[in-house]
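Subject: Structure handover

Dear colleague,

I am passing on the structure that you will be working with, and below it I have set out what was found in it. Please read the notes with the structure open beside them.

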Amino acid sequence: MKNILVTGGAGFIGCNFVRYMLDKYPDYRIVVYDKLTYAGRLENLQDVAQAHPHRYHFVQGDICDAAQVEETIREHDIDTIVNFAAESHVDRSILEPDAFIRTDVYGTYVLLEAARKFGNLRYHQISTDEVYGHIEGDHSSVETDNLAPRSPYAASKASGDHLVNAYHITYGLPVTITRGANNVGPYQYPEKVVPLFVTNALNDMPLPVYGDGQQMRDYQYVVDHCEGIDLVLHQGQLGEAYNIGTGQEITNLEMVEILLDELEKPRSLIQHVEDRQGHDRRYSLNVDKIRALGWEPAHTCEEAIRKTVRWYVENRWWWEPIRQGEFQEYYQRVYGQRKILS
Ligand code: NAD
Ligand code: TYD
């Protein structure tokens with residue numbers, strides 16, 4: 001493994017992964033291939049470009065464009081593809097699913113075909129706990145569970161997973177999949193719940209909690225997730241999927257309280273609003289399989305949230321301009337007419 005194509009590397013998790021890998025492996029080269037949608041930003045990688053001018057290269061491109069994907073693989077002698085590129089926000093998938101099907105399904109197919117054409121390149125797919133759907137009772141999802149996605153986003157990601165498995169079984173493509181729980185950390189676009197709520201609170205705006213706020217999520221620190229991906233990339237068994245998360249769960253209201261406490265802001269900012277359509281009440285990952293490879297998360301959910309809050313407090317240069325752009329229109333669409341419950 002020397003020349004890695006990181007698709008979607010200008011997004012939240014991708015940029016943290018690129019930084020982590022270039023620091024850890026001095027002989028690796030990384031080519032980021034990214035369409036730069038609203039969620040992809042070159043600022044996310046500006047320090048990387050400065051620190052590693054010879055080992056980092058950026059290409060603006062769409063993973064649905066087979067010709068450009070192939071040209072990039074050829075030009076940079078790529079031996080490994082790690083696919084982060086996706087439309088990634090459930091609320092946007094409810095408004096407009098089209099781009100999700102295009103990128104998360106068709107785009108995954110294009111990358112798999114390219115990997116096959118170039119002599120079965122090593123391929124790693126970044127997936128999500130949402131492919132298992134809402135989890136009942138005291139069950140925690142194991143990697144062999146059936147996929148039961150319930151939102152257009154989750155369904156498009158599950159389709160990607162099925163394609164990856166099919167390419168392994170049919171063509172022998174050397175693949176692995178990781179299914180991560182909710183990530184938090186630096187450079188997350190402020191439409192996702194934690195950065196949205198931190199930045200709203202810093203502006204003394206209400207925090208729109210969907211429904212009763214009793215939904216359960218596992219909030220993990222993005223760098224812990226990146227370490228898990230690195231481990232699976234190097235030591236995972238080909239053809240296998242691995243869950244990555246803290247293995248803990250907290251309610252959204254607990255998350256909000258931690259966040260407000262860290263900011264020293266009042267609980268009166270909490271505003272219950274009309275629930276998300278088809279909202280999954282609970283995700284829960286069993287993470288024994290990646291633990292057996294020797295991985296442990298360095299942060300609990302609470303530590304991950306507190307550390308993330310501090311990053312947003314200290315990095316207004318990054319999120320203030322974002323909140324003034326396309327974000328405003330999106331915010332109006334999702335929250336403008338939303339019923340306030342309390
Ligand atoms: P993000 O939305 O911040 O970043 C996605 C990146 O993909 C952006 O840089 C965007 O420009 C790029 N992209 C989108 N469409 C593209 C296309 N057609 N061609 C090339 N690039 C394209 O998302 P993220 O939160 O960093 O998520 C990265 C991956 O991790 C996704 O596959 C997502 O499903 C998965 N994931 C995310 C979480 C989470 O909590 N954020 C949890 C588990 C898994
Ligand atoms: P999100 O960050 O969108 O991740 P996902 O839905 O993929 O897990 O949301 C995390 C949780 O926070 C989810 O239960 C929905 C909830 N949420 C709110 O209560 N209010 C909001 O404004 C948003 C964006 C999310």
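A residue is called buried when its relative accessible area is under 20%, exposed when that area is over 50%, and partly exposed in between. Please bear in mind throughout that this is a predicted model.

Cysteines

By that cut-off Cys-301 counts as buried, because its relative accessibility is 0%, and Cys-64 also counts as buried, at 18% relative accessibility. A disulfide is a covalent bond between the sulfur atoms of two cysteines, and a search of the whole structure for such pairs finds 0 disulfides. For Cys-301, the closest cysteine sulfur is that of Cys-226, and since the two sulfurs are 17 Å apart, they are too far from each other for a bond.

Helix α7 against helix α11

Helix α7 covers residues 193–202 and helix α11 covers residues 301–314, and their axes come within 10 Å and cross at roughly 50 degrees. The two helices are therefore oblique to each other, and their crossing is right-handed. On the α7 side the contact is made by Val-194, Pro-195, Val-198, Thr-199 and Leu-202, while α11 contributes Thr-308, Val-309, Tyr-312 and Val-313. Sorted by class, this contact of α7 with α11 has 7 nonpolar residues, 2 polar residues and no charged ones.

Helix α5 against helix α6

The axes of helix α5 (residues 98–117) and helix α6 (residues 152–171) come within 8 Å, and the crossing angle is roughly 15 degrees. It follows that α5 and α6 are roughly parallel to each other, because angles under 35 degrees count as roughly parallel. Here too the crossing is described by its hand, and α5 passes α6 in a right-handed one. The residues that make the contact include Phe-100, Ile-101, Asp-104 and Val-105 of α5, and on α6 they include Tyr-153, Ser-156, Lys-157 and Ser-159. By class, the contact of α5 with α6 has 10 nonpolar, 4 polar and 4 charged residues.

His-76 in its loop

His-76 is found in the loop between α3 (66–75) and β4 (80–83), and it is buried, with a relative accessible area of 9%. If its neighbours within four places in sequence are left aside, His-76 is in contact with Asn-3, Arg-29, Val-31, His-57 and Val-59. Between His-76 and Tyr-109, which are 33 residues apart along the chain, the C-alpha atoms are separated by 21 Å.

Most residues other than glycine have a negative phi. Leu-36 has its place in the loop between β2 (29–34) and α2 (46–51), where it is partly exposed, with a relative accessible area of 23%. Asp-204 likewise has a phi near 55 degrees, which is a positive value in a residue other than glycine. Asp-204 lies in the loop between α7 and β8 (207–210), and with a relative accessible area of 52% Asp-204 is exposed.

Conventions. Residues numbered from 1 in each chain as written. Chains lettered and ligands numbered in written order. Predicted model: local features only at pLDDT ≥ 70, side-chain atom pairs only at ≥ 80, totals over all residues. Heavy atoms only, no water. Axes fitted to C-alpha atoms, helices over the stretch in contact; angles between N-to-C directions. Helix = DSSP H or I, 4+ residues; strand = E, 2+ residues; numbered from the N terminus. Parallel < 35°, antiparallel > 145°, perpendicular 65-115°, else oblique. Left-handed = near helix turned anticlockwise from the far one by under 90°. Contact = heavy atoms within 4.5 Å. Nonpolar A, V, L, I, M, F, W, Y, C, P; charged D, E, K, R; others polar. Disulfide = S-S within 2.5 Å. Buried < 20%, exposed > 50% of the residue type's maximum accessible area, 1.4 Å probe, protein only.
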